[in-house]
Amino acid sequence: MARPSPARSNKLTAEEIRLQKAADALRRKEQELEQELRMLPARLQAKRTKERQAAKLRAEMASPAISLNGIRGTRGAKPNGRRRPLPARELQNARIKFLVLCLILATIGILLWRSLP
């Protein structure tokens, strides 16, 4: 029986060592990826929760809507639906504005009525 030549044996051993190193590297990469895959759902859930909280905070901090009470969100009107009464000074100013606008409307109406033939 002929013995294999030492040069051929060295080539095979070097190739086996190289393949073994490559297999080890692939195993390490596979373990890293599996670890990342296990951690991914928790990270996604945390990200969604954070985004939801940020959206809620942006909605609460947004400028008030132009609506019935002019305020929305947690800073809005009381849940019982009662509106706060206007202060006396604002109420008086509103009445004066209403009377002035009524006088202007009446004046325009009279002027139009007189101009008709």
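Figure 1. The model is predicted: local features need pLDDT of at least 70 and side-chain atom pairs pLDDT 80 or more, whereas totals for chains, interfaces and linings use all residues. Residues are numbered from 1 along each chain as its sequence is written, and side-chain values use heavy atoms, without hydrogens or water. The side chain of Asp-24 meets that of Arg-27 in a salt bridge of 2.6 Å, N to O (a side-chain nitrogen of Lys or Arg within 4 Å of a carboxyl oxygen of Asp or Glu). Arg-27, with a relative accessible area of 42%, is likewise partly exposed. Helices (H or I, at least four residues) and strands (E, at least two) are DSSP runs, numbered from the N terminus.

**Figure 2. The salt bridge between Glu-15 and Arg-18****.** Side chains of opposite charge can pair when their charged atoms come close. Here the N to O distance is 2.7 Å. Glu-15 and Arg-18 lie in helix H1, which covers residues 6-61, and 3 residues separate them, about one turn of the helix. Glu-15 is partly exposed at 35% relative accessible area, and Arg-18 is partly exposed at 46%. The whole structure contains 2 salt bridges.

**Figure 3. A nonpolar surface patch that includes Ile-108****.** The patch consists of Ile-96, Val-100, Leu-101, Ile-104, Ile-108 and Leu-112, with about 560 Å² of accessible area together. Patches are made of residues with over 30% relative accessible area and no salt bridge; like charges are joined within 9 Å, and nonpolar side chains (Val, Leu, Ile, Met, Phe, Trp, Tyr) within 5 Å. Accessible areas come from the Shrake-Rupley method with a 1.4 Å probe, and for residues only the protein chains shown count as cover. Ile-108 is located in helix H2, residues 88-115, and is partly exposed at 46% relative accessibility.

**Figure 4. Helix H2 within the protein chain****.** H2 has 28 residues and spans 41 Å from its first C-alpha to its last, close to the expected 40 Å (1.5 Å times one less than the number of residues). The number of buried residues in H2 is 0, so the helix lies largely in the open. The protein chain holds 2 helices and 0 strands, and 1% of its 117 residues count as buried.

Conventions
Buried means under 20% relative accessible area, exposed over 50%, partly exposed in between (1.4 Å probe, protein chains only).
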